[in-house]
Amino acid sequence: MRDFFEVRDVHVMRSGAHGPLPVLGGVDLRVGRGELVCVVGPSGCGKSTLLGVVAGLLRPARGRVLLAGRDVTGTPAHTAYMPQQDLLFAWHTVLDGVALGLRVQRVGRREARARARDVLAEFGLEAFADARPDELSGGMRQRAALARTVLQGRDVVLLDEPFGALDALTRLDAQRWLAATWRAHRWTGLLVTHDVGEAVTLGDRVLRLSGRPAVVAQEVAVDEPRPRTPGVPDERVVRTVLAGLGVVPDERAPDEREPDERAPGLPVRLP
Ligand SMILES: Nc1ncnc2c1ncn2[C@@H]1O[C@H](COP(=O)(O)OP(=O)(O)OP(=O)(O)O)[C@@H](O)[C@H]1O
């Protein structure tokens with residue numbers, strides 16, 4: 001598959017409490033057109049930083065990011081980015097917030113709102129079209145932000161833990177919707193998640209970043225036909241992916257884990 005974007009030996013420094021902090025230490029990755037790649041890695045290793053670089057929001061200290069063969073030097077027009085914070089404007093209705101990505105592409109107000117209404121219905125948010133974001137729960141806000149991001153119809157979609165605030169059932173629905181949308185439009189995607197099961201459900205490949213300064217420690221192809229059923233990834237495939245990532249499945253019962261290890265969606269121990 002031809003590379004659509006490429007991250008070449010990218011180094012990023014951020015300012016930490018004790019001076020400059022090397023966060024990315026030479027990340028290399030290639031994503032083919034229409035490929036959906038999931039990124040996992042320990043908390044704080046630099047996954048969001050990596051998305052920020054690909055989105056053109058952070059400049060690497062060294063290395064290059066290429067999109068369709070061209071250096072990314074600012075926010076590329078063909079990229080939609082959903083950061084962890086949903087960035088829904090408090091003064092917009094949910095409908096206008098979701099339509100915003102189309103409006104900035106100069107889609108007429110009536111059409112943008114009609115398309116936003118359709119996607120809100122798919123997300124079970126149609127009754128909240130006229131609400132303000134602060135009237136929504138965290139999970140509902142996240143669904144609205146995801147809807148807005150994908151509705152933009154960009155070639156590249158960067159998603160930073162898009163399902164992190166969703167309850168388990170809504171999360172499965174959102175995964176199903178995302179997988180169907182991706183199959184229909186075949187954008188090129190990079191999705192950060194803490195949940196290897198989710199990565200296996202959605203990704204063509206899974207990359208594991210090392211601890212800081214992060215590099216791509218391992219990557220593995222998900223050899224599983226689509227469409228896949230969210231929530232019930234084949235255990236054999238999950239184990240193959242985990243082995244490929246060099247990750248040890250966490251076999252301990254939940255009550256044997258330390259309190260801070262009990263977060264849902266963290267079924268494995270990442271080194
Ligand atoms: N705006 C910022 N300014 C300075 N340092 C930052 C900033 N954002 C993140 N960092 C630091 O960069 C490092 C990587 O953070 P980043 O958010 O990229 O990690 P992450 O892997 O996405 O974490 P998590 O899984 O917890 O979301 C952390 O040490 C963090 O403290």
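**From the ligand shell to the whole chain**

By class, the shell around the ligand holds three nonpolar, seven polar and two charged residues, where Ala, Val, Leu, Ile, Met, Phe, Trp, Tyr, Cys and Pro count as nonpolar, Asp, Glu, Lys and Arg as charged, and the others, Gly among them, as polar. This is a predicted model, in which local features need pLDDT of at least 70 and side-chain atom pairs count only at pLDDT 80 or more, while totals for chains, interfaces and linings use all residues. Residues are numbered from 1 along each chain as its sequence is written.

Among the residues around the ligand are Arg14, Leu21, Gly44, Lys47 and Thr49, a residue being near if its C-beta atom, placed from the backbone, lies within 6 Å of the molecule. Strand S1 (3–16), strand S2 (19–32) and helix H1 (47–54) each give at least two residues to this shell, and H1 provides the largest share, three residues. Helices (H or I, at least four residues) and strands (E, at least two) are DSSP runs, numbered from the N terminus.

Elsewhere, Val94, Leu95 and Val98 are among the residues of H2 that meet H3, whose side includes Arg109, Ala112 and Leu120; contact here means C-beta atoms, placed from the backbone, within 7 Å.

As a whole, the protein chain has seven helices and twelve strands, and its C-alpha trace spans about 50 × 45 × 40 Å along its principal axes.

Conventions:
Two residues are in contact if their C-beta atoms, placed from the backbone, lie within 7 Å.
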